[in-house]
Amino acid sequence: MSLTEQQIERYSRQIILKEVGGPGQEKLLASKVLIVGAGGLGSPAALYLAAAGVGTLGIIDYDNVDLTNLQRQVIHNTSDVGREKVASAAEKIKAINPDVTVQTYRERAAAANIREIIKKHDFVLDGTDNFPSKFLINDVCYFEKVPFSHAGILRFDGQMITVLPGQTACYRCVFDKPPPAGLVPSCSQAGVLGPLAGVIGCLQATEVLKYLLGVGELLTDRLLIFDGLGLQFREVKVTRNPDCRLCGQEPSITELADEEQAACDLKASQ
Amino acid sequence: MKLIINGKDVETDEAHTVTELLKEQKVKWPDMVSVELNGTILKRETFASTGLNEGDKVEFLYFMGGGRESD
């Protein structure tokens, strides 16, 4: 694939980066990235990945746009309230960049459907709002060896890690299994400052582009913890856990299953 | 005993094990916290039997994303 004159102009500000260049831009245009959840994290990530010219963006989300989403889910507009999130997101992506092919999946991420979707992609961005989905994405990506960016936000805090399955610490190496339903407050209960989604979602998009371009140092084996009130980033080194039930020495999870906990934010996400 | 908990120097009173430390530091839901001691994630079953030493680096790692309230 060679770049058109218009593409060279559109992407000129990143093509002049020696880490990108023409070949890097061609790589991005040939890449397929799956965004799970067109919400707080998925919105800014999708906008920037579309603008950067990632050629194929898959988006999974079952929900419709709700008025309470608009405070942070910046890909959706007031006039989108009530629409399918995937349709709303796809429309904005196409408007930003017609180079991008959008594939929408209006489904809940579950063991039965997500494996086939994930394996078609080069990288997965976890922008989900519940723990069963986060563990499911971790497990599928491990079995299919698809790298992914995990992240979560709440109140003024955010947390993220990039996982190269089988090579670096996975989510289960740090957090063994989902917390019991109801014990962990959700954004609808505890609140979240909108820009937190932008900060962390954009960091996730940065990781995606770095991975696709093969440049820099990924956030692997490091859990990044962002404290928005103190405006501090902190890093905790983590290593592959030999006792990990998924990627450890004697794994007990050998096939895919849905975790038992109900989505912690069901009411708000329906 | 002086420990480094989540990057901060903390003087503990009487906690000699991880379980006691979780209690002393008033961690609200100890079952919800992953604990890393000097770079190694501990098995939950070993919290009560894992002793602490002067200068140990302890990380309490919380679920977030849908997420957990910070203390």
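B:N38 sits in the loop that links β3 (33–37) to β4 (40–41) in chain B. In this predicted model, the residue stands out for its backbone: phi of B:N38 is near 50°, a positive value in a residue other than glycine. Most residues other than glycine have a negative phi. B:N38 has 11 C-beta neighbours inside 10 Å, and since 12 or fewer is the cut-off, B:N38 counts as exposed.

A:L231 is not a glycine either, yet its phi is positive, at about 50°. This leucine belongs to the loop between β7 (222–227) and β8 of chain A. With 8 other C-beta atoms within 10 Å, A:L231 is exposed.

Turning to where the chains meet, 31 residues of chain A are in contact with 18 residues of chain B. On the chain A side, the elements that give two or more residues are α7 (131–144), β5 (148–154), β6 (157–163), α8 (171–174), α9 (187–190) and β8 (232–237). The top contributor to that side is β5(A), with 4 residues. Sorted by class, the chain A side comes out at 17 nonpolar, 6 polar and 8 charged residues.

Within chain A, one helix pair is worth a look. Two packed helices are described by the angle between their axes and the distance between the axes. For helix α4 (residues 42–52) and helix α10 (residues 194–213) of chain A, the angle is about 40° and the axes are 7 Å apart. That angle makes α4(A) oblique to α10(A), and their crossing is right-handed. On the α4(A) side, the contact is made by A:G42, A:S43, A:P44, A:A45, A:Y48, A:L49 and A:A52. From α10(A) come A:A197, A:G198, A:G201, A:C202, A:Q204, A:A205, A:V208 and A:L209. No charged residue takes part in this contact, which splits into 10 nonpolar and 5 polar.

In soluble globular proteins, nonpolar side chains tend to be buried together. Here the largest nonpolar core has 85 residues, and those touching the most other members are A:I35, A:A46, A:L49, A:L57, A:I59, A:V124 and A:L125. Helix α10(A) supplies the largest share of this core, 10 residues. A:L49, one of the residues touching the most other core members, is also part of the contact of α4(A) with α10(A). As for A:I59, leaving aside residues up to four places away in sequence, it touches A:I35, A:A38, A:A46, A:V86, A:A89, A:A90, A:V102, A:T104 and A:Y105.

Technical notes
Residues numbered from 1 in each chain as written. Chains lettered and ligands numbered in written order. Predicted model: local features only at pLDDT ≥ 70, side-chain atom pairs only at ≥ 80, totals over all residues. Contact = placed C-beta atoms within 7 Å. Nonpolar A, V, L, I, M, F, W, Y, C, P; charged D, E, K, R; others polar. Axes fitted to C-alpha atoms, helices over the stretch in contact; angles between N-to-C directions. Parallel < 35°, antiparallel > 145°, perpendicular 65-115°, else oblique. Left-handed = near helix turned anticlockwise from the far one by under 90°. Buried ≥ 20, exposed ≤ 12 C-beta atoms within 10 Å, placed from the backbone. Core = buried A, V, L, I, M, F, W, Y, C linked by C-beta atoms within 7 Å.
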